[in-house]
Amino acid sequence: MRKTSNSFSKQNSQQPKVFRGGEKKVMKKSLLSLALAGSMLSALAVPAFAATPSDVVGKPVQTAVEQLTALGILQGYADGTFKPDNTITRAELAKIVVIATGNQNAATLMQTVKPTFKDVKANVWYTGFINVAATKGFIQGYNGNFRPNDTIKFEEVVAILVRALGYEDKRLSGSWPYNVLLQADEIGLFEGVEIAKGTNASRGVVAELTSNVLGENLVTYNVDNEIYVPGKQLISKVGVSKDAIVTAAALDKDGKLQIVINGDATPTFATPDANFFITNGQKLADLLGHSVNVLFTKDGKKVLAVSDTQSASSIITKTAATGTKFEAGKKFTVDGTEYTAAGDLVVYHNSDSRGATATLASASEVQLIKNGDGLVQAVLINEWNADATLKNVEAYSNYSRINTKTDGVDAGGSYKVDATTAITLDGKPATIADLKENDIVNVLVNDAKLATKVVATRKTVAGKLQSVSTNSANETIYKVNGTNYVAIEKTKLTGSAIGDTEYTFYLNKDGKVAYHSSATAATGDFQVIYDVDNNLVDTDGDPATAPVAQYYSIIKDGEVASGYSKVVYYNLKDQKKYTVYAPKALNLSQTALDHTLAKVEFESNGIVKSITESTDYTGGKTVKAVTASKLTLDLGNNAEDNYILNSNTVYLSVNVNGTDSTVKAATAADVGKGDVVKVKADAAGNAQYVIITSDGDSAELPTVQGVFVSKAVVATSATDKAYSVTLNVKGEEKTFAVSVDIYNKVAANEVVTLKDVNSANAEYDDATNTAVAPLTGVATSLTVNSDTRVITTNVDDFVVTGDTQIFSVKKDLSGLATSNFSEVKDAGDDYYKVGNEDGYQVVVVASGQTIGGNPEAGVIVIINNK
């Protein structure tokens, strides 16, 4: 079978499998749902959603990995990857099937039970799982051995998962392994998965198969050996699956998800679990009005995952005329087609609910979302700020701003974007960091002035303008490289622009020209200056006398012109090396300009007009720490510099060797701890250019902060033990290898900072730990400045950044949960003091970095004494 996707849907490679009572109803995700809006809420809680492993994003296995991670069945690696192509061992599969069948507690109980297999050690990490898997009959051994560290074949994985549903090999038709393979195919276990009998199973394939099997019915056999299906699916062993409609485009101010569960008349406000996922990289704004599948924890109290189940054919995008009225239970007409609204219709305008009825004041784009009966369950009225050209992105502590320009003039709009904003780039899920200058963006803004949807397009055409004309619709047409393009930009080119000028045309999502730039329009950009040569000549042979600048002669306007400096530079736009000339009147200094990053402007004939704002890019400072939004440089003597990284930061890697120097484009991922870099920043500390001059190749583990969850010790041999500590880091429980000293040092109810002092080993060997204790918290007072996000305690003034982890616990220190800055503000308004003993308290632990001279808050734990 040809591999197409994970098996959540045969119809759509990115669609998750829907877990619902005995029925596999599969729908396609809309490729047109670019106009779905966000929430009407003005105060939004930004959740710390679980991170999808970087190496499965956009791949068919993504949703399977996300759902299994949310259920605790599978985990990624500490470096943020899943490694889907790695093989899996028999012991690892035993653990997967035991957890997937709801038997994890039994595995804990059987951890110390003597195994029946000769090669399975007692009381190691896999002992309990193998004992349970063998006892349940899921997995078998070989002549008294289990071979826990051996890889496992594809057909063996299938057999184990088929047995997990209750099927017995001996009751299936045919010989092994064809009996289990045929049964698996019959129940749909191979949907989207390539059958690879005889090959070693990979982590990705196991994830897809395991996710598929969760949606299959459990079976048992009656007295006549006939299969009996009790109506429950395997997912019921580890979670609860319900169908619903998303009715808000963001979590509410309490951090809860608003949905209407099928069959209910009123909304449900559900609390996301710490491992909460919206599958396939979507945001709630993408799912507004959609039918979804919601996966709850087994007790039904928290949401683990939300998956889109709305089919593409049930989402209609059209333009509705002025005066069109949408009303629950009534018929309406859009673009000549009649539709019927469901009785529970909800109408949204730019993501904000308008109730069960609305009338269009002007013609607008609408999306009609149909239910399974063909009735319209939601109408999304979308009024876009369309076809704007991105100027830059400004990053703030808990949100960003997208600034746009109009035909190159700084007179565009400015739009607030936060973690709830759904962003796409060329039709694919993206982040704010993915956006670049001159992207063409469409922005949907709700009543709270928040951009709930940003649809960006990065498509360009380069070439000379061949003609300018008008079509029958009175649209301006540019002909470039033999192809006609409709021009919608405000300031259009005219016939005078036809000629030898090279232009770059930026297209919108419909392929129309929304903006253009020319080669001369790009002057004034920063370039990397390799060398300035004034043709220095020793005129008298006296070494004590400085050489004299003789300069160069060039051909200018058909004649020989003398008195020019030669400048060799690297163009950051097209990433090529150029040699140009500058008049000696500029008095360019070789020593001052060689190996610098400088702003270069040109005359129309290509002669250098000016070179300004130069920054030496040799040398540099060592990277102390780097995150997605912040770069910290070590200045020595316990001093440091911090810079803000954003979507407009340009990364370069240089190798200095005179005119033979090389520069190549780099990315944020190329900057690591221990690297040597030079930074050019603006006055606000935003890094404009990060130039890597040396790779540090530091083997030191990054410093980690989090709240203690547990610790463990496992015997690795008769004499050796491995120690680990599990911390809650940004809402995720992560396990780290530590030394025995650290194992003995840290304990429950502590904020722990792990450091790697001896980088020769692969474990953390230094730690600081701060107790979280009610009534004796670190902070005896708390003042919160919401504007600057500075919190003042009796200890210090701390800056709360996007990297700050915020948690909350009850008075008895139970119920650890991720929180947000809003609750910190609440704590400041109602802090513990004599006479207010049920007020909040906080424990603040610094990250070790400073922002604007103040320590950054690394971890904040809010103690709710109420």
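Biologist: What makes H1 and H7 a contact, and which residues meet?

Modeller: In H1, Ala64, Val65, Gln67 and Leu68 meet Ala207, Glu208, Thr210, Ser211 and Leu214 of H7. Contact means heavy atoms within 4.5 Å. The residues of this contact divide into five nonpolar, three polar and one charged. Here Ala, Val, Leu, Ile, Met, Phe, Trp, Tyr, Cys and Pro count as nonpolar, Asp, Glu, Lys and Arg as charged, and the others, Gly among them, as polar.

Biologist: How far can I rely on such details?

Modeller: This is a predicted model, so local features need pLDDT of at least 70 and side-chain atom pairs pLDDT 80 or more, while totals for chains, interfaces and linings use all residues. Residues are numbered from 1 along each chain as its sequence is written, and side-chain values use heavy atoms, leaving out hydrogens and water.

Biologist: Why are H1 and H7 called roughly perpendicular?

Modeller: H1 and H7 (residues 203-214) pack at about 65 degrees, with axes 9 Å apart. Angles of 65 to 115 degrees count as roughly perpendicular, under 35 as roughly parallel, over 145 as roughly antiparallel, and the rest as oblique. H1 and H7 are therefore roughly perpendicular. Axes are lines fitted to C-alpha atoms, for helices over the stretch in contact, and angles run from 0 to 180 degrees between N-to-C directions.

Biologist: Why are H2 and H5 called roughly parallel?

Modeller: H2 (residues 90-100) and H5 (residues 154-164) pack at about 25 degrees, with axes 11 Å apart. H2 and H5 are therefore roughly parallel. Arg90, Leu93 and Val97 in H2 meet Glu156, Val157, Ile160, Leu161 and Ala164 in H5. That contact has six nonpolar, no polar and two charged residues.

Biologist: What makes S5 and S7 a pair?

Modeller: Two strands pair if DSSP finds at least two bridges between them. Four bridges join S5 (residues 268-278) to S7 (residues 302-308), and the two run parallel. Proline 272 stands opposite valine 303 in S7. H1 (residues 62-70) packs on the sheet, touching S5 and S7, at about 110 degrees to the direction of S5.

Biologist: Which closed barrel contains these strands?

Modeller: The barrel has five strands, in the order S3-S4-S5-S7-S6, with mixed pairing.

Biologist: How do you know that S31 and S32 pair?

Modeller: Four bridges join S31 (residues 552-556) to S32 (residues 559-571), running antiparallel. Tyrosine 552 has tyrosine 564 in S32 as its bridge partner. S31 and S32 form a hairpin with two residues between them.
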